[in-house]
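Hi everyone, thanks for coming. Let me put the structure up on the screen, and then we can walk through it together.

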Amino acid sequence: MSEVRVRIAPSPTGPLHLGTARTALFNFLFARHTGGTFIFRLEDTDQARSTEAYELDILEGLHWLGIRWDEGPGIGDEPERGSYGPYRQMQRLERYEEAATRLLAQDQAYYCYCTPGELEAERRRQEAARETVRYSGRCAHLTPAERGAFEAEGRRPVVRFRIPPNRTIAFDDIVRGHVEIDTAALGGDLVILRSDGTPLYHFTVAVDDAAMAISHVIRGEDHLSNTPKHILLFEAMGAPIPQFAHLPLILNPDRTKMSKRKSQTAVADYRAQGFIPEAFVNYLALLGWSTGTEEEVLSQAELIERFDLSTVNSAGAVFDRERLVWLNGQWIRRLSPDDLMDRLRPFLQADLDAGRIDWLPSDEEIRALLYVVQERLPTLAAVGDLIRFLFVKNLDPDVAAMVPKRWDAATTAAALSAARRTIADVGRVCWEADEIEPPLRSLVEDRRWQAGDLFMAIRVAVTGRTASPPLFDTMVALGYERTLARLDRAIEKLEAQAAAAP
RNA sequence: GCCCCCAUCGUCUAGAGGCCUAGGACACGACCCUUUCAAGGUUGAGAUCAGCGGUUCGAAUCCGCUUGGGGGCACCA
């Protein structure tokens, strides 16, 4: 078998899309598994919609996911790599022109002078007559005189590639098996060069895949019906035909092709929401493929080792955010403390910028909290919800939340006062969770309280919420002075409440 | 409209003719653990394998049809 060369060829007409990321990943996994070459090529011939910002978003997004290419553009100041370049189609225009010229010379392509208006009218008529919509081939056999007349009118021709009218194109798709499509269904002769001379997608794909010696074309199922056009172009250029593998589409919950209208499709958004690349890659790899075992949490290395294109599913897969969140939690729990700390910092900074906390916790403060926080994080962005109360100056605990069902405001105030004395005594000696808990438990026992009642009252007093990391660790993180101050403030509020409504 | 593809729990999937009274995971319920929230553990509910015909001693698995869904048919990619 010849060398494996695969490619991802996104178009910078939008931010990195989930589907592009998944296709890139499958190409990458296949290349790494087989020891082949993974190529990145930018399809930027749609000048009207392409932007540099999108290009950067795609480059950086794939990089963030840990998907590296062997050939393709560099990021930032990095130079382009690979000997089949350039890898930006706008820098390959002469090649398409040359290829088109060759096809014209061989009469496999011709100039077409139909205007967009004429084409539009033709299509309407076909639709009205319930005919198959296709280019009629009006310009397929113009005489030099006719061409001259059109030129004299000032018409600028497109170049069309001749699609044979009655041929069945067959290929063996790696994921779908044998596929046959009749050329009659292809819509007639294909425009390969616009009237301004720039090339169109189906043409550039075939020219570049041939020039870059692509061995396997791995892409979304939405290209399945277009494959015969590409095969015909490969044939016309005398290029070998690559193997095809059409991946199932990623779907909206209503099972239509995933779109930004109905789902969140930008990879950057997931990143901003605190998903980590390990989980994202893991999730994407398992959308439409599985190892065949019951393994679910897999690293990039494990995915590469197990990946097999021939066991990719053929049915579309609904994107399930809940499952992604679960995997994200799995991966967050596997991070080392230092790593987690580094990844959390930007999210805490964002909380500070948004005014949700009053100062940025120091590394020591974060480190002290890691072990209580790590198993509670579904996403990195959730860190604020978990520990925000530690980094605000003032807390205004809700009295109703503080008072357990069995108590009223006055008894809660009294209980907290007793607890405050106990805590104050402990803290002077040694401010550690193991030192705080026993005396509070004996207090509970002496007074015949329910442990949960007292602890909940303290929790709300000290954190302002009914759900928090473990209470004693939380108090340690808060510090002796601030814990007491918050208890005092809570007792004040409770007493005021008790006095107002006895 | 025409062409192509697809079809197992709500979702992602295992399943390559007997191992399937269909397994796992997410989500959901219960219980255990427990100071709350998580995490973890145990467990439950959840799929007449879209339907109908065939092939076969035997079908979720092979074939055909039907139905349903999706995708493609640009001087977009």
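**Around RNA strand B**

Let's begin with the RNA. Of the atoms of RNA strand B within 4 Å of the protein, 70% belong to sugar or phosphate, and the rest belong to bases. Please keep in mind that this is a predicted model.

Now for some individual contacts. Arg176 places a polar side-chain atom 2.6 Å from a sugar or linking oxygen of RNA strand B. With Leu286, a polar backbone atom is 3.1 Å from a sugar or linking oxygen of the RNA.

Stepping back to the elements, several give two or more residues to the surface near RNA strand B. They are strands E4 (158-161), E6 (177-182) and E11 (317-318), together with helices H6 (201-211), H11 (321-333), H18 (451-463) and H19 (471-478). Which of them gives the largest share? That is H11, with 5 residues.

One last stop, helix H9, which spans residues 277-285. Is this helix mostly covered or mostly uncovered? Mostly covered: 8 of its 9 residues are buried. Those buried residues are Pro277, Ala279, Phe280, Val281, Asn282, Tyr283, Leu284 and Ala285.

Technical notes
Residues are numbered from 1 along each chain as its sequence is written. Chains are lettered from A and ligands numbered from 1 in the order in which they are written. This is a predicted model: local features need pLDDT of at least 70, side-chain atom pairs count only at pLDDT 80 or more; totals for chains, interfaces and linings use all residues. Side-chain values use heavy atoms; hydrogens and water are left out. Buried means under 20% relative accessible area, exposed over 50%, partly exposed in between (1.4 Å probe, protein chains only). Helices (H or I, at least four residues) and strands (E, at least two) are DSSP runs, numbered from the N terminus. A residue is near a molecule or strand if one of its heavy atoms lies within 4 Å of it. A polar contact is a pair of N or O atoms within 3.5 Å; within protein, one must be able to donate a hydrogen and the other to accept it, and residues adjacent in sequence count only if both atoms are side-chain atoms.
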